[in-house]
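Subject: Structure for your review

Dear colleague,

Please find below the structure that I am handing over to you, with its sequence. My findings follow it, and I would be grateful if you could read them with the model open.

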Amino acid sequence: MVLQQLGGSISRALQQMSNATIIDEKVLNECLNEITRALLQSDVQFKLVRDMQTNIKKIVNLDDLAAGHNKRRIIQQAVFNELCKILDPGKPSFTLKKGKTSVVMFVGLQGSGKTTTCTKYAFHHQKKGWKPALVCADTFRAGAFDQLKQNATKAKIPFYGSYMESDPMKIAVEGVERFKKENCDLIIVDTSGRHKQETALFEEMRQVSEATKPDLVIFVMDSSIGQAAFDQAQAFKQSVAVGAVIITKMDGHAKGGGALSAVAATKSPIIFIGTGEHMDEFEVFDVKPFVSRLLGMGDLSGFMDKIQEVVPMDQQPELLQKLSEGTFTLRIMYEQFQNILKMGPIGQVFSMLPGFSSELMPKGREKDGQAKIKQLDSSNPKIMNESRMMRIARGSGRLVKEVMEMMEEYKRLAKIWSKMKGLKIPKKGDMSAL
Ligand code: GDP
């Protein structure tokens with residue numbers, strides 16, 4: 001079950017329970033069974049799901065809850081807490097310091113998305129003011145250097161590699177030395193992967209690690225293997241000191257929930273997830289805000305971080321003001337959307353808003369939607385009748401159908417935007433403020 005669907009199923013189960021006139025044992029069981037089914041479909045281990053169900057039932061003792069207690073809220077909170085527990089590795093991730101040189105080594109099997117993720121990771125930090133650089137020490141896969149070079153050039157990130165040299169240690173050391181001299185504070189070393197977890201791969205990883213002395217080793221893994229991620233993560237951990245994990249392809253695979261929970265069970269912190277092939281389809285992974293978003297409860301503090309990251313300082317108060325009003329004209333939307341678009345793919349940005357439903361902005365529609373928003377003019381939608389649309393179409397050289405589609409997009413986004421009315425900024429993952 002793709003993550004969006006998993007979140008949708010769990011929030012629907014909670015919603016159905018909320019709609020019931022009386023919340024009794026039967027209603028609670030139906031809700032929990034629905035959640036269980038969704039988690040199992042996402043390949044979360046049976047024992048974890050069963051324990052979760054037992055724990056929720058223990059916490060939510062309907063007989064003991066006096067009338068007047070908000071049962072819906074207590075159950076929702078219990079589901080939230082238990083999901084967090086499943087995904088919490090119980091260990092904080094290691095943090096690097098901007099401005100101080102750090103070497104980060106990426107490891108993982110071939111095809112896991114390691115090279116793509118190296119650039120996404122560099123790009124993410126570059127946007128936050130770091131000075132990253134990429135070193136290609138993958139001499140095993142033909143074309144690996146070209147791929148890294150292409151990605152790095154697109155993102156304007158310095159890179160190092162060689163077509164001739166076949167010794168990965170030599171390249172890694174040369175690259176790290178060069179970028180240390182250039183005062184880069186985040187030197188990323190991409191190592192080779194193989195098809196299998198074989199001795200040669202682990203030996204090479206160990207040697208590159210010895211030679212470059214990384215501050216952090218990041219293990220990249222494809223989410224499609226589901227709960228089998230446990231064995232893979234363990235195998236890599238035993239060969240090299242894995243400090244963090246990035247799980248890729250969370251956009252397209254049925255077993256994302258299984259992969260996330262299995263990695264957490266190895267006590268390895270997941271720091272990012274990959275949600276597409278593009279550079280910005282990459283999300284910080286933080287357990288509480290993640291679960292909050294999964295349940296459609298948003299992550300306003302993440303949203304605020306994004307605003308602060310990409311919107312110029314002097315424009316932030318106006319944007320926040322407009323958001324908290326919750327209503328806007330096409331003009332406001334047009335002006336402010338230029339800022340919103342800078343924040344990343346629309347679905348990713350809006351999933352941070354409470355009440356966001358992925359059905360409002362399914363993946364795949366995003367690019368289309370963004371293109372349409374860019375065509376918006378400042379007309380007032382309230383008086384956008386048929387003849388007006390025809391006039392606009394004539395005036396702009398577009399088909400009436402296109403203007404109508406643009407209006408549909410406007411309405412869809414207006415609905416999402418309206419959720420921001422009365423915007424309050426909670427602390428990270430704090431459900432009580434929502
Ligand atoms: P490597 O062999 O581990 O270095 O893997 P690559 O970086 O070459 O990636 C393998 C394929 O996975 C490429 O086609 C990437 O575009 C794709 N890919 C990487 N990350 C993601 C992701 O998060 N989502 C999707 N859909 N594709 C991804």
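Two residues are taken to be in contact if their C-beta atoms, placed from the backbone, lie within 7 Å. Please note also that this is a predicted model.

With that criterion, I begin at helix 18 (residues 400-417), where Val403 is found. Leaving aside neighbours within four places in sequence, Val403 is in contact with Met389, Ile392, Ala393 and Arg398. Between Val403 and Arg388, which lie 15 residues apart along the chain, the C-alpha separation is 10.0 Å. Val403 has 24 other C-beta atoms within 10 Å and is therefore buried, the threshold being 20 or more.

Overall composition

The chain contains 18 helices and eight strands. Of its 434 residues, 42% are buried. Among contacts between residues at least 6 apart in sequence, 75% join residues that are at least 24 apart.

The eight strands make up an open sheet with mixed pairing, in the order 3-2-4-1-5-6-7-8. At its edges are strand 3 (159-160) and strand 8 (282-284), each of which pairs on one side only. Helix 7 (residues 168-181) packs on the sheet and touches strand 1 (102-107), strand 2 (132-137), strand 3 and strand 4 (186-191). The direction of helix 7 makes about 165° with that of strand 2.

Strand 5 (residues 216-222) is mostly covered, with seven of its seven residues buried. Leu216, Ile218, Val220 and Asp222 point one way from strand 5, whereas Val217, Phe219 and Met221 point the other way; all are buried. Strand 5 pairs with strand 1 in the parallel sense over four bridges, and Val217 in strand 5 is the bridge partner of Met105. Strand 5 also runs parallel to strand 6 (residues 244-248), to which five bridges join it. In that pairing, Asp222 stands opposite Thr248 of strand 6.

The pairing of strand 7 (residues 270-274) with strand 8 is antiparallel and comprises three bridges. Here Phe272 stands opposite Val284 in strand 8.

The axes of helix 1 (residues 3-19) and helix 2 come within 9 Å and cross at roughly 175°. Helix 1 is therefore roughly antiparallel to helix 2, since angles over 145 degrees count as such. On the side of helix 1, the contact is made by Leu6, Ser9, Ile10, Ala13, Leu14, Gln16 and Met17. Helix 2 contributes Val27, Cys31, Glu34, Ile35 and Ala38.

Helix 3 (residues 46-59) has 14 residues, which at 1.5 Å a residue should span 20 Å; the C-alpha atoms at its ends are 20 Å apart, in agreement with that expectation. Leu48, Val49, Met52 and Ile56 are buried in helix 3. Viewed down the axis of helix 3, its buried residues fall within an arc of 95°, so they line one face of the helix. On the other side of helix 3, Phe46, Lys47, Arg50, Thr54 and Lys58 are exposed. The elements that cover the buried residues of helix 3 include helix 2 (25-41), helix 4 (71-87) and helix 10 (256-265).

Most residues other than glycine have a negative phi. Two residues may be set against that background.

Asn183 lies in the loop between helix 7 and strand 4. Its phi is near 60°, a positive value in a residue other than glycine. Asn183 has 10 C-beta neighbours inside 10 Å and therefore counts as exposed, for which the limit is 12 or fewer.

Lys267 is placed in the loop between helix 10 and strand 7. Lys267 is not a glycine either, yet its phi is positive, at about 65°. With 12 C-beta neighbours inside 10 Å, Lys267 likewise counts as exposed.

Yours sincerely

Definitions and conventions:
Residues are numbered from 1 along each chain as its sequence is written. This is a predicted model: local features need pLDDT of at least 70, side-chain atom pairs count only at pLDDT 80 or more; totals for chains, interfaces and linings use all residues. Two strands pair if DSSP finds at least two bridges between them. Helices (H or I, at least four residues) and strands (E, at least two) are DSSP runs, numbered from the N terminus. Axes are lines fitted to C-alpha atoms, for helices over the stretch in contact, and angles run from 0 to 180 degrees between N-to-C directions. The expected span of a helix is 1.5 Å times one less than its number of residues. The arc is that of the directions from the helix axis to the C-beta atoms. Angles under 35 degrees count as roughly parallel, over 145 as roughly antiparallel, 65 to 115 as roughly perpendicular and the rest as oblique.
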